[in-house]
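This report looks at aromatic ring contacts and at charges placed over rings. The sequence and structure come first.

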Amino acid sequence: MNKFFTLLSLTGLLSISISAYSHSEHDKSRFVSPNGTDNSRCDNVLRPCKSISYAVSQANKGDKILLSAGEFQITSSDELFYLKSALVPIYGGYNRFDHFQSQSPQSNVTTLKNVPYDMTETLRKKGFHIIADGKSFANDKQLKTKLASYQQLSESQKDASCVDGKADIFDCENIDLLAHLPLTQMSSKPGSGSDIWGHVDLNTGNEFALMTINNGVIIVDVSNPSEPVEVGTISGVNSSWRDVKVYQHFDESINLWQAYAYVTTEGYNGGVSIIDLNNLPHSVSLIEKNNVVSTSHNIYISNVDYSLNIPLPDQTASLQLVGANTRSGAFQNYSLATPTTLNLSSAKNYGNGYTHDGTSLVVDDQRAVNDCALLSGSCTVFVDFNEKEMKLWNITDPENATQLGSAEYNDVAKSNQYVHSGWGTEDKQFVLLHDEFDENRGGLNTTVRIFSIENLTSPIQVGQWTGPTRAIDHNGFVRGNRYYMSNYERGLTILDITDPTSPTQVGFFDTYTPSNSANFNGAWGVYPFLPSGNILVSDINSGLYVLKDNAKTSAKGKFAFTKNTFTTEQGVNLSIDVQRNGTETNEAVAVSYQIIQGSAQAGSDFVVANDTLTWAANDNADKTINIEIKDDLTASEFQESFFIRLYNPINGAVLGENSYATVNIIGIVDSGSGTFTETAVTLSENTGEYVVEVNRIGSTSGELTFNYQLTASSATLGSDVEDISGEISWADGDSTSKEITLAIINDEIEEENETFVLSLSAIDNARVGTHGEILFTITDDDKNEAPTVTLGESFQVNTEQTVELSAEASDSNDDEMTYLWEQTSGTSITLTNADSLTASFIAPTTADSLVFNFTATDYRGAATTASITISVVAPTEVITVTPQKSSGGGSTTWLTLLSLMFIFPFRSFRNSQFK
């Protein structure tokens, strides 16, 4: 009886521990065993799947696949492709009976049969025993083609027109390749990409791509779209999930546009990174890692124009964090009044449920009164994609969010639904919605559902688009009557939404060449809003694409300004023509235009109303927008600008290349500003020389000259730093960076931190930019304390196991540190990420004792080293598994698991008692 209750207790504990374990540490793993069954999600250690290919099909972004002991015959080119491409990491050497907790390749022998010889070494390092042959694949043309095309995704391509369905190696329709910047050519060597956004610097007109990657965000200058240039990378915690948006505003005090990027991540304690974009195209820098939340899945900015990233007329921009670790993941509104930081709010600035993604619409028709209950003005409607439903909210007052309505659908089971994201049409009457599970789990082809929001309190589905493959639809954006959709393994898909209830495909570009299946590879994000009309695409596996859109064609018309920039005197009436450019004009068409103020202000600098231009049937003549340009009676204003955008083309005509126009009002010649790249620098006393970069920002017209000088605070000029002063200047048209070299003087006196200031002062009409001075702090190296290093206790690992080494380091002075792992004894191994806090290696094939040193060094040169010993243990017995012939496995598997669980503990107990 006692033994019976002991067994029941052990079984209960086993059930509890398995449940807790499967929901925490293994929520990113899929499990495979020779005796498994391919009929589940592969995420339950007690119900593993049987085949590699099936497990890959069930994997989500960021997952890995663990194989238990046993034999696996590689019979399909798909499985071989997954093993070789490592799209989803696959590891062997696990034990089904300890619930895949520990890798031990020599005791848990995971054998792969029929593998080509050239793959053996790579797979052995992942914990597999290999029986190499693979002759059956030697002449597999499909596999060779698939592997070759995948390999080419790590190479750059450019300037390839789409001809007969191909642009270089990429399948296409109506889209040309301008450039491909692969992950392999990015400076931080990221393992994967995620989302993307664009930015046009309104000071210069230069265009940039901001692409999130697993280790940060990369900023790329795409002003010359065939030659993208990396400006810089802001590093972040490692995560497969990262998102970015940009906000830009005009600062009258320095007569410059100021821009900031906001980056969220699901990586642990990643916070919200706020990035300074105001030194482009020279560099970017991190302003702060804001901690209003610890993690956030996504980010959105409402009430802005998506091409210019500036506030819409009569609107105030606000930022939404979605899927954060607070408020149960509901969206949260934040003010951008001070764009360099985010502050917590105590108001009702949030929704309910878990918001995965969001978008917004400014509704200024009768719905603002009827549905939003406003007495006047427009209603900002936030569209909340809330896992199992779409919700609409009134966030006109961001501090008082109120729900308006919601919508669901039932053409696929709820368990196979995930209401993921979407976007509104430019007439503000429809929302196109993406479900991320209906293809992968529900077995559908690509499906985009369309909802009418004519009644904001009761959205209803009115149509859908079904694609030709099972590729998953991810994110989408509307520009004109085109819908630009990142379609995972199919790449970019463009839909004609002239009739939003019945879209049709007019273009695509396949960034993921090996397949078009319902897996989480390929295109993650798309940005179709650059003023140039070029399209940006981010691909998880292969990086950044810059594409040319040829899908905006229609015989009914192609609306465009005659040029994209107009310059006018003050005190005149300006006429700007808009062309139809139709070849079949037998039907009426129309397009709306919106005025967006910039440095020039509506009312005081110009007068014009938003309106719609209409062409009757058989009318192909230009239409005119008339604008009153006010006079500057003080003659003291710099050149000022505002913008006009065309939108919402009606009845089948499309937007052309020049759908945005900039209007420049002539004023005092602006020669730009001079600025440092940073505002505060801390240097060690033993630094020696330090080079300061100075840049010209904005206009490059005319000459620009500044004096620079040092001012002592607690530091003594001549004793702590050499006293210097001088002049820097730029010629007309010159925008190159200038340098000032400082010489820090070292001494052997123990002293407190000392400070001095380097500043710029304007000569003639020059203007100092955002960063006109730098506060330097000199820290003493004589009284410096070395960093503190903590390593865990020495531990044992199995032979051929993938091992992780982790360290903690801190510095009492909060100095920046560098790290280095080094092996000092034992069988030689190869360390990965040896210059980080966490490194890894693959244990040798024989038992041994390995010793590693970890060194943390602060920027003043003080270092601390600690060591750890890793004992590599060889197995005393080998587990092999013979696949069962039974197709069930349910009760039999449970009995086998339970019997082994009890046999092993009792055997250990008996051995310990009778040695």
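A residue is called buried when its relative accessible area is under 20%. Phe331 has 0% relative accessibility, so Phe331 counts as buried. The model is predicted.

**Ring pairs**

Rings pair when their centres lie within 6.5 Å, and planes over 60 degrees apart make a pair edge-to-face. The count under this rule is 34 aromatic pairs. Trp197 and Tyr306 form an edge-to-face pair, because their planes stand at 85° with the centres 6.4 Å apart. Trp197 belongs to strand β11, while Tyr306 sits in the loop between β19 and β20, so this contact ties together parts 109 residues apart in sequence. Trp197 is buried at 3% relative accessibility. Tyr306 is buried too, at 16%.

Phe331 and Trp393 are another edge-to-face pair. Phe331 comes from the loop between β20 and β21 and Trp393 from strand β24, so the parts tied together are 62 residues apart in sequence. Trp393 is buried, with 2% relative accessibility.

| Pair | Centre to centre | Angle between planes |
|---|---|---|
| Trp197 and Tyr306 | 6.4 Å | 85° |
| Phe331 and Trp393 | 5.3 Å | 75° |

**The cluster**

Which residues do ring pairs link into a cluster? They are Trp197, Tyr300, Tyr306, Phe331, Phe382, Trp393, Trp423, Phe477, Tyr527 and Phe529. Both tabulated pairs therefore have their residues in this cluster.

**Charges over rings**

Trp197 also carries a charge over its ring: the charged end of Lys245 lies 4.8 Å from the ring centre. Arg645 places its charged end over the ring of Tyr647, 4.5 Å from the centre.

Methods
Residues are numbered from 1 along each chain as its sequence is written. This is a predicted model: local features need pLDDT of at least 70, side-chain atom pairs count only at pLDDT 80 or more; totals for chains, interfaces and linings use all residues. Side-chain values use heavy atoms; hydrogens and water are left out. Rings of Phe, Tyr and Trp (its six-membered ring) pair if their centres lie within 6.5 Å; planes under 30 degrees apart count as stacked, over 60 as edge-to-face and the rest as tilted. Helices (H or I, at least four residues) and strands (E, at least two) are DSSP runs, numbered from the N terminus. Buried means under 20% relative accessible area, exposed over 50%, partly exposed in between (1.4 Å probe, protein chains only). A charge sits over a ring if NZ of Lys or CZ of Arg is within 6 Å of the ring centre and within 35 degrees of the ring normal.
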